[in-house]
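Open the model in your viewer and follow along, one selection at a time.

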Amino acid sequence: MLDGIPEKRGQSPRFRCGGLTTETLVFKWMLLLLLLLLLLADEESPSRCIVGALRKSNMAAACARSFSKVGWSLLESPLVRRPGTGFYLSGNAGARVSGRGYGTGSGLGLRSRLLSSLRAGGGRVLGCAFLLGGGLGLYQTVKFSAQQHLAEEHCKVQGDGLKLVLYQYKTCPFCSKVRAVLDYYGLPYEIVEVNPVMRKELKWSTYRKVPILMVDSDVQMNDSSVIISCLKTYLINKKKSMPELIRCYPEMKSVNDRGKEVTEYNNKYWLMLSEEDNELVYPEKGMQKEERKWRQWADDWLVHLISPNVYRTSGEALASFDYIVREGKFGNFEGFFAKYVGAAAMFIISKRLKSRHNLQDDVRQDLYKACNDWVAAIGKKRKFMGGDEPNLADLAVFGVLRVMEGLQAFDDMMENTKVKHWYRRMETATLNHEGRK
């Protein structure tokens, strides 16, 4: 309720509503209005606004209640309804102007007449303003509630309810393959960059290689090709859970010809699909076999061309390790050590890798031939090996080649092979998450 309380004899009264002075009410109204304007101005994309929409919805609802409560109190107050009663919008300053404008009873100026008009209907004006603000707040409440619902539905489609965390080295081609798949299909994921020297981020795991993909914090997926096959299978048919799918790719330990124990995974290039789903994914004869062949080619051959090419000369080795240190997770001393000692070591090791994989003296020629062989396999009638859309072989090859970006080997590859147009199409497809549809 409003009460007129004269502050001093001869001075116009200041009015209170529920213990609040007019100046306080106006100040609060302005703050609430500013808050609503900020809410109106701050738009977020659906994929990021689940928490934001809920918070904004609650804030808008609170504003609506405050505006409506104060506005209704003003309109219902006896003082506003009483004829001839003034409601001072301008507080003490208005009272002082009033003394000058009305004390003489004559000679009213334009400013005085305006103040008189405000006083005559000020209570109703302010009350209506508060109710209008309440209506605006209600509109925002409904808007953000709808936005929250759309955001939740959007994320259900995008992430399929999976919480994914990728443990990686950014410059590792196997990790880049997994990122290419996650990006293309628009799956939200977090990245944990692993320190290549100490690997303390993997202390919890007996499997000490990258990539590792954690699903919902309790399912661990190892090996890039297994991860890719599992994810693709799950996206096609969600009847099986991730733990059930992983059991379709059993690990096998063996000792290689150099006496080192290695871990391999059965079926890692296969999707675990029903006959009906298989026909939908591979509508043409030979598509499935072709995809598996080139996925394996990317792992068994293309990957082994990267190191000999990026560490081909001492200058290229130094530039490569400068990039690795800049993009990776190294301490100051580790970074300095890795850049110079690592570059020298890898320059020497690359010569051994060239011999092990029977590469030519000019390893660039092997890289060029591999890229041209890949483009020839796609052919002139297809945009991708998968046809109009990339398949898992496209994503694997793209992921491997992408780790050379920014280095001399990448520039030479783009200039001296036919891979450029396919690569740019793949780049666009992953950046735009075209597989999400």
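**Stop one: the sheet**

Begin with an open sheet of four strands, ordered 5-4-6-7 with mixed pairing. Strands here are DSSP runs of E, at least two residues long, and helices are runs of H or I, at least four, both numbered from the N terminus. Two strands pair if DSSP finds at least two bridges between them. The model is predicted: local features need pLDDT of at least 70, side-chain atom pairs pLDDT 80 or more, while totals for chains, interfaces and linings use all residues. Residues count from 1 along each chain as its sequence is written, and side-chain values use heavy atoms, without hydrogens or water.

Five bridges join strand 4 to strand 5, and the two run parallel. Find Val-165: Glu-190 of strand 5 stands opposite.

**Stop two: two helices**

Select residues 173-184. This is helix 6, which lies across strand 4 and strand 5.

Axes are lines fitted to C-alpha atoms, for helices over the stretch in contact; angles run from 0 to 180 degrees between N-to-C directions. Contact means heavy atoms within 4.5 Å. Among the residues making this contact are Phe-174 of helix 6 and Leu-231 of helix 7.

**Last stop: a tryptophan**

Which residues touch Trp-374, leaving aside neighbours within four places in sequence? Among them are Trp-294, Trp-297 and Trp-422.
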